[in-house]
Amino acid sequence: MTRRDFLIKWTVYAVALLPVWFMDQFVLPRIPLFGVSPMLLPLAAVAVAVLEGSAAGAGFGLAVGVVWNAALYGAAGVPILALALLGMGAGIAAQYVLSQTLAGCFLCSAAALVLIDGGRILWGLASGDPIGAMLRVAIPEILWSLVFVAPIYFIFRWVHSRTQASTLF
């Protein structure tokens, strides 16, 4: 793959992230289900990690983490590190343990969402928040987010299939 193909590939991945980001920030928060809105940006990072592998997953997770951190108030850089690590982990899991398919993406996405909300719950427990209230938010948020794994996976799968060797754009 030439440098030009490499740049085109990651530019197209960035463009494919735009509708996911738009839905995450502007559409789905206005349609809360059980009082929560889904997290789509972590699913995008995991989908690319499943398709591209651990190093690319960590890099794309880092970039998506920057976007997610900019959208969250008071995040203090945690999403950047978290999505980079989750991207690396999902890439490793998909390459060596699971498969680089929708099923592998679903399992990696579920694990990523549980880790994200688990971290939030641990932080809340350290702050003295009641666990019952946190679980009433975390469980519906994870389930509502998992509904979007397939559409997000197929968006990035399309990009992946078009940019494998030399780009077709």
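1. Let's start with the pocket: helix 5 contributes the most to the lining of the largest pocket, with nine residues. Helices here are DSSP runs (H or I, at least four residues), numbered from the N terminus. A pocket is an open set of points on a 1 Å grid over the protein atoms alone, where a 1.4 Å probe fits, with protein on both sides within 12 Å along at least five of seven lines; lining residues have an atom within 4 Å of a point.

2. A word on the source: this is a predicted model, where local features need pLDDT of at least 70, side-chain atom pairs count only at pLDDT 80 or more, and totals for chains, interfaces and linings use all residues. Residues are numbered from 1 along each chain as its sequence is written, and side-chain values use heavy atoms, leaving out hydrogens and water.

3. Back to the largest pocket, which holds about 800 Å³ of space. Among its 30 lining residues, Trp68, Leu72, Val78, Ile116 and Arg120 are the closest to its centre.

4. Now the largest nonpolar core, which has 41 residues. Such a core is a set of buried (under 20% relative accessible area, 1.4 Å probe, protein chains only) Ala, Val, Leu, Ile, Met, Phe, Trp, Tyr and Cys residues joined through side-chain atoms within 4.5 Å. Leu17, Val20, Ile152 and Phe156 touch the most other members, and helix 2 gives the most to this core, with ten residues.

5. Finally, look at Thr163, in the segment after helix 7 (149–162). Thr163 is buried, with a relative accessible area of 0%.

Note on methods:
Helix = DSSP H or I, 4+ residues; strand = E, 2+ residues; numbered from the N terminus. Buried < 20%, exposed > 50% of the residue type's maximum accessible area, 1.4 Å probe, protein only. Points joined across faces, edges and corners; volume = space filled by probe spheres on them.
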